[in-house]
Amino acid sequence: WKWAVQSEHPISLINRRAVFTFSLVVLSMFLTGISWRFVTEPGFYLILWSSFFGTIGLILMVYFLKEGSFTRFSYYSFLGMTINGTATLLMGREQLTTSLVVSMCILLAGYSLFVCDENRSLKKQPLLRSQHLLLGLMTVMFSTSTLLGWLAMDTFSPLQLMVVQELFVLV
């Protein structure tokens, strides 16, 4: 994203990507025979809200990457993963098992190594309030989208969620 957004307007990049991904998801729905009737189901609003928040998060992310640091972006991405993981545990969607704890430790160790390595370059970059605002809102939007998506998967398939998400991004 960082490389691609440097040479083109963020909305143009998002739209170009969405044409490809929406086409791919529609083709996948056709090949798997999943019906479009899911849009009439009572819980469809969860997919709509999840897609809305995810699209806003994507727009904020791409605008940030136009000027901002990937390292700062990673801080907020890690924060979003922590929020989602904690909420998933609290919602009872995941059980705290040994393999989950080991996985979290490996993820934290890898992230710590990345941050230590990248910290030198971060000190040279100015700290802008507008970037923190973009990243904070992005994190809230992506976390909200993810949690609503988890709830929607009780009724809908991941492919159904993806087709609506990509349609939102395309529009």
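Predicted model: local features only at pLDDT ≥ 70, side-chain atom pairs only at ≥ 80, totals over all residues.

In which helix is glutamine 131 found? Select glutamine 131 and you land in helix H6, where helices are DSSP runs of H or I with at least four residues, strands are E runs of at least two, and both are numbered from the N terminus. Glutamine 131 is buried at a relative accessible area of 10%; buried means under 20%, exposed over 50% and partly exposed in between, with a 1.4 Å probe and protein chains only.

Numbering runs from 1 along each chain as its sequence is written, and side-chain values use heavy atoms, with hydrogens and water left out.

**Stop: the salt bridge**

Glutamate 166 belongs to helix H7 (residues 158-170) and arginine 17 to helix H2 (residues 10-32), so the pair ties together parts that are 149 residues apart in sequence. Colour by accessibility and you'll see that glutamate 166 is buried at 10%, whereas arginine 17 is partly exposed at 27%. The count of salt bridges by this rule is one.

**Stop: the nonpolar core**

Next up is the largest nonpolar core, which has 30 residues. Such a core is a set of buried Ala, Val, Leu, Ile, Met, Phe, Trp, Tyr and Cys residues joined through side-chain atoms within 4.5 Å. Select Phe38, Ile47, Met61, Phe73, Met138, Phe156 and Val163, the members that touch the most others. H2, helix H3 (44-67), H4, H6 and H7 each give two or more residues, and H3 gives the most, with ten.

Zoom in on phenylalanine 38. Leaving out residues up to four places away in sequence, phenylalanine 38 touches Met29, Phe44, Ile47, Phe156, Gln160, Val163 and Val164, where contact means heavy atoms within 4.5 Å. Then hop to threonine 55 in helix H3, which is buried at 10%. With that sequence cut-off of four places, threonine 55 touches Gln165, Phe168 and Val169.

Select Met81, Thr82, Gly85, Thr86 and Met104, the closest to the centre of the largest pocket among its 15 lining residues. A pocket here is an open set of points on a 1 Å grid over the protein atoms alone, where a 1.4 Å probe fits, with protein on both sides within 12 Å along at least five of seven lines; lining residues have an atom within 4 Å of a point. This one holds about 430 Å³ of space. Helix H4 (70-90) and helix H5 (98-122) each supply at least two lining residues, and H4 gives the most, with eight.

Finish at the second largest pocket, with about 220 Å³ of space. Its lining includes Met61, Phe73, Tyr76, Met138 and Phe142. H4 and helix H6 (129-152) each give two or more residues to this lining, and the largest share, six residues, comes from H4.

Definitions and conventions
Salt bridge = Lys/Arg side-chain N within 4 Å of Asp/Glu carboxyl O. Points joined across faces, edges and corners; volume = space filled by probe spheres on them.
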